[in-house]
Amino acid sequence: MKLNIEGLLVYFPYDYIYPEQYSYMLELKRTLDAKGHGVLEMPSGTGKTISLLSLIVAYQKAYPLEVTKLIYCSRTVPEIEKVVEELRKLMEFYTKETGEKNNFLALALSSRKNLCIHPEVSSLRFGKEVDGKCHSLTASYIRAQHHSNPSQPVCRFYEEFDAVGRQVPIPSGIYNLDDLKDFGRKKGWCPYYLARYSILHANIVVYSYHYLLDPKIADLVSKELAKKSVVVFDEAHNIDNVCIDSMSVNITRRTLDRCQTNVDTLQNTIQRIKETDAAKLREEYRRLVEGLKEANVARETDIYLSNPVLPDEVLQEAIPGSIRTAEHFVGFLKRFLEYLKARLRIHHVVQESSPQFLKDIYEKVCIDRKPLRFCAERLRSLLRTLEIADIADFSPITLISHFATLVSTYSKGFTIIIEPFEDKTPTIANPVLHFSCMDPSIAIKPVFERFQSVVITSGTLSPLDIYPRILDFRPVTMASFTMTLARTCLCPLIVGRGNDQVAMSSKFETREDFAVIRNYGNLLLEMSAIVPDGIVAFFTSYVYMENIVASWYEQGILENIQRNKLIFIETPDAAETSMALEKYQEACENGRGAILLSVARGKVSEGIDFVHHFGRAVIMFGVPYVYTQSRILKARLEYLRDQFQIRENDFLTFDAMRHAAQCVGRAIRGKTDYGLMIFADKRYARADKRGKLPRWIQEHISDGSLNLTIDETVQLSKHFLRQMAQPFRREDQLGLSLLTLEQLQSEEMLEKISQIAQQA
Amino acid sequence: MFNVDRRLKFPSALILCLHYPACLLVMAALSEEVLLVVKRVRQRKQDGTLYLMTERIAWGPEGKDRFTVSHLYADIRCQKISPDGKSKIQLQLVLHTGESTTFHFANESTALKDRDAAKDLLQQLLPKFKKKANKQLEEKNKMLQEDPVLFQLYKDLVVSQVISAEEFWASRLKLSSVEHSLSNNSKQEVGISAAFLADIRPQTDGCNGLKYNLTSDIIESIFKTYPAVKQKYAENVPHNLTEKEFWTRFFQSHYFHRDRINTGQQDIFSECAKQDEKGLKSMVVQGVKNPMVDLLSLEDKTLDEGYGSLTVGPNSSKTVKENSNSAIIKRFNHHSAMVLAAGLRKVDAPSDQASETSSTDGNSRDSDFFQPPIKKVKLQEAIEYEDLQNGSGPKTIALNLKKSDRYSHGPVPLQSHHYSTSQDIINSVSCIQEEISCYKPCLTRVMPSSAASSAITALSPGGLLMQAGTQQAVSQLVPTDVQSELKHLYTAAGELLRHFWSCFPVNTPFLEEKVVKMRSNLERFQSTKLRPFQEKIQREYLSTNLTSHLDEMIQAAYNKFHAWQTRRMARKT
């Protein structure tokens with residue numbers, strides 16, 4: 001249908017529309033109009049992606065000079081592919097309606113592992129291996145050597161792409177990962193480099209968060225993307241953790257040992273080159289004297305996305321003399337390394353700030369702040385000069401150099417914690433230096449600064465105001481949308497007691513309590529008897545799940561559950577879990593029914609949907625608080641309190657509730673879907689917990705379903721399931737939660753729709 | 001856990017209770033080979049001898065040569081034995097009728113051995129009978145119920161004793177079994193309860209022992225779920241261990257109580273555990289077919305080593321308890337996977353083959369030009385909003401043609417020069433179209449309209465020219481009762497003739513016998529059925545050529561028979 005969103009003609013590739021989709025598009029349009037950032041929460045399964053795409057594509061078509069590009073970031077590879085497929089659908093609709101040939105270029109970008117077509121390289125299993133092998137075939141000096149010595153192997157796809165691929169732009173169309181590969185095969189071009197090159201002039205780019213948020217990758221891939229782009233972070237409820245992860249560094253003794261070998265190799269290589277090709281080193285030296293002027297010019301003229309690992313100071317100055325020659329630099333690295341080794345030789349926990357660390361290093365080994373700051377850049381230049389083939393081998397030294405640059409650049413937002421052993425095993429020495437980022441805004445700052453509109457969206461972003469605070473940006477729109485329903489297809493229930501009236505809770509004092517564990521077991525057992533097909537149960541942590549499963553096994557509860565359904569359990573091993581997942585789906589598919597025991601914050605809870613019969617009930621055992629004893633977390637909480645005035649408890653509850661909401665939200669993926677959401681912990685009934693659930697879940701929790709016993713839960717569930725099993729037709733939805741174009745245009749409906757969005 | 005350990009230190013007794021569902025049909029005994037004779041068996045306080053024969057079990061009191069007790073195996077629902085340690089060593093047979101017969105083995109020295117011998121033999125024999133008898137009768141019944149024509153035929157031929165029931169079924173059953181295996185499996189495979197191990201709850205028997213009740217269903221389930229155990233069973237029972245010892249060891253083994261950390265004691269099942277481990281590993285290595293659940297390729301770009309805030313060290317230091325916990329988890333996953341696989345094994349076989357062939361033509365890594373379509377399908381499924389779209393009609397399966405030419409022409413003989421490709425066809429079609437487009441009616445040579453219309457009326461049904469050819473439909477000439485009788489005659493005759501012709505070429509003595517019999521059957525049919533009918537229609541003045549075709553058919557059979565007989569005579573003399 002064709003929609004009129006405040007004067008913008010939007011093609012929407014379906015015959016019907018959900019009211020909240022319309023409302024969502026309105027808010028989104030306002031965000032784009034204001035050229036500002038937005039935070040939008042809309043339940044999963046209400047067609048968020050297609051609404052986003054429809055509106056932004058329409059906007060791009062209407063104002064090609066205002067918005068030149070859409071950068072759509074998602075979290076997992078299947079998600080990325082899904083987005084591209086939805087986009088394809090939209091574009092087909094455009095072609096059908098307007099009759100014009102589509103002149104949009106949209107493509108997905110992923111790592112080499114998913115795009116490589118070189119027969120040998122692509123057969124490698126791990127991403128890192130693929131990257132390394134690719135580099136060893138495509139590095140510039142390798143190719144230079146190939147010129148003089150044709151027996152030196154190179155990648156023919158890359159050669160072909162390099163020779164002709166850049167001259168002719170890829171024809172417009174929608175390219176998913178497989179389409180890129182097909183295209184690459186047809187032309188004999190490397191799809192990965194083709195995609196990386198093509199994102200510069202593509203209208204829509206779909207890729208993963210890391211390409212924008214991880215400075216190491218963003219610098220390579222995304223730095224030249226146009227300023228007039230709209231950036232969308234989908235499934236963004238965890239975006240702060242992604243930011244923090246990309247900036248944090250851990251150094252163990254093993255890292256340092258490997259660094260040592262790296263440094264030795266560097267030294268030998270320098271020695272060798274010095275004997276054979278001293279000119280090369282001299283050339284590098286000259287370049288360094290001139291400084292990184294070039295990069296500076298580029299940044300000033302606003303061509304590049306800035307890089308948090310490459311601070312502005314570095315660009316304005318030349319590399320300090322003390323590390324300019326290769327030998328001096330290696331000596332410098334050696335000294336730094338020895339210092340770190342000494343720091344790891346401790347017997348008690350040390351926590352200090354960056355300035356303290358810098359002071360200490362100056363006192364102990366006379367390393368100044370300035371050369372440290374140039375470390376990352378200097379090492380990169382050296383590795384290039386020395387023509388190191390296998391970059392992957394040098395990851396430890398690169399890591400150390402990043403650490404050096406970060407620690408000397410940021411005096412705030414980071415903390416250094418050195419732990420001599422793990423808390424659980426105080427007898428085994430395993431020293432680790434955690435250099436952890438506590439401020440997610442550092443990594444995402446360049447994105448907010450550079451791009452005109454950044455939209456953060458997800459099914460679970462409640463409470464909305466916390467994201468602008470922790471990410472440090474000022475949104476122009478913040479809205480949460482509910483799900484209009486013709487029938488209440490979700491049924492959140494809070495179970496607080498067992499039939500014996502013993503309170504159920506995973507809180508620390510009672511989690512080992514026999515009665516609690518037994519009650520949890522009984523709950524699962526009772527549910528397994530009444531819920532059809534699949535049940536997914538989430539635990540607060542892996543260790544907790546292991547303990548509970550063991551004691552259920554001893555008490556014979558699992559055996560009884562097996563009479564009703566098969567049991568599959570997530571393990572720390574991803575491959576094993578994938579298999580269990582597939583078997584779980586198989587069991588749901590063939591009618592046997594199954595239970596999947598899984599972990600909140602695990603891979604399953606973040607990336608796998610349990611649509612329809614794959615998840616008729618989700619049980620959340622306990623409140624998934626993060627492990628609070630960790631020093632890193634404590635430091636972060638402290639930082640949040642001091643910098644953003646967010647109380648520790650508020651943040652912990654917020655974090656726990658967003659994960660709980662993520663877990664239970666996995667079961668509902670649309671209005672025709674239905675599922676029970678069972679929160680099995682007394683504490684969920686409290687207002688401070690309940691209030692942090694997304695609105696679309698919260699509004700279905702009635703006072704009557706707050707502190708139920710297991711029996712009451714079973715009764716309510718039975719009733720709910722019986723109702724839901726009735727046939728559900730389009731006519732039931734029409735006019736309420738599903739609209740035709742005419743219905744949408746009526747005054748009354750527009751009035752209603754305006755209430756769907758709740759401004760935060 | 002502790003409980004289990006403590007209990008298992010004591011020897012556990014084992015009771016085998018074999019249990020079978022009801023069975024219906026009695027098979028006629030053909031020969032009575034005696035498989036086992038046990039003397040000094042008491043029944044109702046009377047000494048006697050127990051005979052186990054091929055089809056029944058019988059007991060006769062001492063000194064008499066007739067059986068006072070005789071049960072067909074098919075009548076027996078299950079056997080029960082007295083627990084070890086009881087003073088009386090007994091075997092009880094429970095019949096489907098609910099009655100039971102108890103035999104007391106009275107020979108002091110060998111009573112236990114005798115009983116076990118009898119039990120073991122029964123255990124082998126009973127399942128065979130139950131299945132065979134049941135299935136056949138049911139199948140026949142079903143066929144007759146489902147097919148009224150067949151039922152009529154059965155009445156015509158068997159009830160009126162033209163041919164015997166066995167002859168009637170002899171060819172039918174074979175036919176049907178083929179049909180059945182093609183259309184749907186005659187018997188639906190029953191899956192395994194996931195909790196079958198839970199059903200073997202051990203019970204204390206009061207004196208520090210443990211009793212496990214094993215039924216043949218459970219044993220079957222164990223074998224199906226754990227093929228490794230089945231293999232062990234085949235290897236060790238009965239040469240190395242008795243069945244009881246085998247199961248005792250099974251329940252004592254580390255394999256059954258997987259949560260116990262292996263204490264290093266060697267038992268025959270340690271190998272099974274290893275095999276399972278290997279199986280699990282190979283399953284894991286194989287990976288998953290559905291890309292949407294593949295957690296390995298979920299992440300696009302993982303953080304490099306050393307980055308990130310949460311680095312839980314590789315679980316270097318796991319306590320013993322944690323290890324046993326993860327062993328339980330692994331075991332549950334494996335168990336569920338095996339149960340699921342056991343239920344699907346049959347169904348899987350053909351589809352496996354299909355996937356193999358498809359993998360040869362494209363799934364290999366080098367040539368994924370042919371992306372596994374499963375990915376596309378799953379993606380489409382994932383982005384579909386069924387309620388936003390107008391009904392797209394029932395989903396159909398796309399026809400996947402490798403060579404569309406072959407599809408549109410069907411299999412053609414190998415004379416390739418007659419073979420016209422679709423290009424040829426397209427060419428000729430376009431040729432014709434071209435001709436049509438430049439066709440100009442030649443108006444001067446057209447027939448006058450009156451002549452044309454009279455020709456059309458003459459050629460219409462009922463018209464002048466059509467009269468001679470139209471045979472007045474039989475349905476209009478013959479009363480319905482005669483019609484239906486004729487129909488029955490036709491089917492009956494057809495059936496008989498089918499039997500007759502199926503004897504040719506006559507190359508075995510059995511067939512010779514049969515063909516002679518069939519001829520007499522045909523003659524009987526002619527005299528008892530066909531003649532009366534012919535007389536009847538003559539009486540009613542209907543044209544006799546109603547049955548002429550039947551006569552012809554039968555005559556042809558006679559001729560064939562005659563020819564065969566004269567040839568045989570000639571060969572004999």
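A salt bridge here is a side-chain nitrogen of Lys or Arg within 4 Å of a carboxyl oxygen of Asp or Glu. K330(B) forms one with E576(A), the closest N and O atoms being 4.0 Å apart. The count between chain B and chain A is 1 salt bridge.

This is a predicted model, where local features need pLDDT of at least 70, side-chain atom pairs count only at pLDDT 80 or more, and totals for chains, interfaces and linings use all residues. Residues are numbered from 1 along each chain as its sequence is written, chains are lettered from A in the order in which they are written, and side-chain values use heavy atoms, without hydrogens and water.

**The interface**

Chain B brings 70 residues to the contact and chain A brings 98 residues; contact means heavy atoms within 4.5 Å. The two chains bury about 7,800 Å² between them, 55% of it on carbon and sulfur atoms. Buried area is the accessible area (1.4 Å probe) that two parts lose on being put together, summed over both. L295(B), D300(B) and L388(B) supply 10% of the area that chain B buries against chain A, more than any other three residues.

The side of chain B that touches chain A divides by class as follows.

| Class | Count |
|---|---|
| Nonpolar (Ala, Val, Leu, Ile, Met, Phe, Trp, Tyr, Cys, Pro) | 31 residues |
| Polar (the others, Gly among them) | 19 residues |
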